[in-house]
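Welcome! Take a look at it first, then read on.

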Amino acid sequence: MDTMLKVENLQTYIGQYHILQGISFQVKKGEVTVLLGRNGAGKTTTLRSIMGLNPPSQGKIYYQNVSIEGLPTYKIANLGIGYVPEDQGIFKDLTVEENMKVAMKKQDAETIDRLEWILQLFPDLKKFWKKPGGLLSGGQKQMLSIARAYLNNNQLLLIDEPSKGLAPIMVEKVMDSILEMKKETTIILVEQNFMMASTIGNQFYIIDDGRTVYSGRMSTLKEDEQLKRKYLGIA
Amino acid sequence: MELMLNLIINGLATGMLVFLLAAGLTLIFGLMDVLNFAHGGFFAWGAFSAVWLYSLSGSFFVAIIGAIATGIMLGIFTEKIIIKPVYGNHIQQILITLGFMLVLTEFIKVVWGPNQMAAKTPEFLTGSWELGNVILIKYRVFIIIIALIVYSMVQIALKKTKIGLIVRAGVMDKEMVQALGINIKKVFMFVFIVGSAMAALGGALIAPYSGVVYAEMGMEYAILAFIVVVIGGMGSFSGSLFAAILVGLSGSFMAYFIPDLSLAVNMLLMAIVLIFRPQGLFISRG
């Protein structure tokens, strides 16, 4: 299977803090790769470093065999990488429609068809099309954020903790939508909810203290109680 | 009654001029997080270039267009050379833009001499209309109409165009705009140029209103514009219009009834807003 993204020995500072101290992983095309780890381990910073929002000081990032570290964020996004941040990044005073329009790079038939498909996947967005993003519920905001990242036929989606703060029914909805998108897109998922991560994920990497410390197929992690207890605090 | 209406017209005209200066300032701060203390310099350069061009060409239209062009050129230079190296550092921004403000002020004296210049009102805008007992000075009404047209055009652009949507989105979350594949630096430049052009237009319009232009006028009006930005809320375009009208009207009424307090009242308004609603009247918390 082709490698979509390859990260080698990523080191990132935020201010004086050395947050990422050696992150290495590979993302296979068509798969969902899950980054796991405790709070503060460096998962979010890893996604932000890939997007160029916290540029790495050392290390390499190859996207479809092209080195992208050091590129400005907008260029990285235009290579076909969509980003769903932890705080969802909704423009709160813009309507759902306007949020989507900001993201829309082209208004061709393909994009319009894609938008229609997205609105079928997230009917709430259609229902609240003219409502300001800031007035949506947490789950609806998450759907809008995912829909926005998916609108431009991006080849790779980086999704940061999509289940955070959501009611269980919303978690299921978000999970179903990601499973649907998985059919067409490669995904890197940061997720604390192990049920969701294990349902969606194919491959996992555990990050601890800014380093990748363990990796494998998700099916093996489900069975490994010791590993789950050691790095994730669950059993 | 006539007195009240005249004070209102005066206040509105002054408020609209301050709005033209403050609107660019608030958009530049809201989107770019840049405190541009040189903004008043664009206003003064707009005023001087308009007076100079009017005396050369005899056309008020040419003078206005020339002033706007001056604002655009200064905006491009300032963003590229002065602001770009200090993005993200407020202390450096304040120091370098304050310094540049002084340079702009002194350079006016180099180009047009150290003395103030008299500004003429174009023939077709001199005089007044009489509505019953109320006298409406034509030029003041003209200022109000032009500023309202500019406000409406910018509002339509912000609401109905893609670049306007991006600017509004950028005021809320710059990182996310970039993560959606948009080169925010190009948007910064565009907003900076629009803001500079509006300030220069304000300067061009104030020249016939005040009758004279002088090099230090930029700093004087910039203080009022900063008060307006704080009252309206940093980044709020509509807030800057509302606050500019408030500042203009309060200044006009106080200048008539308690002249000694006419500047202090604006400071007082700003202090009240900072105490009870520090984010400004038109910005919601969080």
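Helices (H or I, at least four residues) and strands (E, at least two) are DSSP runs, numbered from the N terminus. One such helix in chain B is H4, residues 90-112, and Ile108(B) lies in it. This is a predicted model, in which local features need pLDDT of at least 70, side-chain atom pairs count only at pLDDT 80 or more, and totals for chains, interfaces and linings use all residues. Residues are numbered from 1 along each chain as its sequence is written, while chains are lettered from A and ligands numbered from 1 in the order in which they are written.

**Chain B: annotated spans**

- The UniProt record, an unreviewed entry, gives "transmembrane region" for residues 7-31, 51-74, 94-112, 139-158, 187-209, 221-249 and 256-276 of chain B; positions follow the numbering used here, feature names are shortened, and annotations may be inferred rather than shown by experiment.
- Residues 7-31 of chain B are 100% helix and 0% strand, with end C-alpha atoms 35 Å apart.
- Residues 187-209 of chain B are also 100% helix and 0% strand, and here the end C-alpha atoms lie 33 Å apart.

- Is Ile108(B) buried or exposed? Ile108(B) is buried because 24 other C-beta atoms lie within 10 Å (buried means 20 or more other C-beta atoms within 10 Å of a residue's own, exposed 12 or fewer, and partly exposed in between, with C-beta atoms placed from the backbone).
- Leaving aside neighbours within four places in sequence, Ile108(B) is in contact with Ala44(B), Trp45(B), Phe48(B) and Ala215(B) (contact means C-beta atoms, placed from the backbone, within 7 Å).
- Phe48(B) is 60 residues from Ile108(B) in sequence, yet their C-alpha atoms are 7.8 Å apart in space.
- The largest nonpolar core has 153 residues (a nonpolar core is a set of buried Ala, Val, Leu, Ile, Met, Phe, Trp, Tyr and Cys residues joined through C-beta atoms within 7 Å).
- Ala47(B) is among the residues with the most contacts inside that core; residues it touches, not counting those up to four places away in sequence, include Gly203(B), Ile206(B) and Met217(B).

**Chain A: paired strands**

- All 5 of the 5 residues of strand E8 (residues 186-190) of chain A are buried, with Thr186(A), Ile188(A) and Val190(A) on one side and Ile187(A) and Leu189(A) on the other.
- E8(A) pairs in the parallel sense with strand E3 (residues 32-36) of chain A over 4 bridges (strands pair if DSSP finds at least two bridges between them), and Leu35(A) stands opposite Val190(A).
- Strand E7 (residues 156-160) of chain A runs parallel to E8(A), joined by 5 bridges, with Leu158(A) opposite Ile188(A).
- E6(A) and E7(A) pair in the parallel sense over 4 bridges, and Gly82(A) stands opposite Leu157(A) in E7(A).

**Chain A: positive phi**

- Most residues other than glycine have a negative phi.
- Asn153(A), although not a glycine, has a positive phi of about 55°, and it lies in the loop between helix H6 (138-150) and E7 of chain A.
- Asn153(A) counts as partly exposed because it has 14 C-beta neighbours inside 10 Å.

**Where the chains meet**

- How many residues of chain A are in contact with chain B? There are 18, and they touch 15 residues of chain B.
- Helix H2 (73-78) and helix H3 (96-103) of chain A each supply at least two residues of the side that touches chain B.

Key. Two residues are in contact if their C-beta atoms, placed from the backbone, lie within 7 Å.
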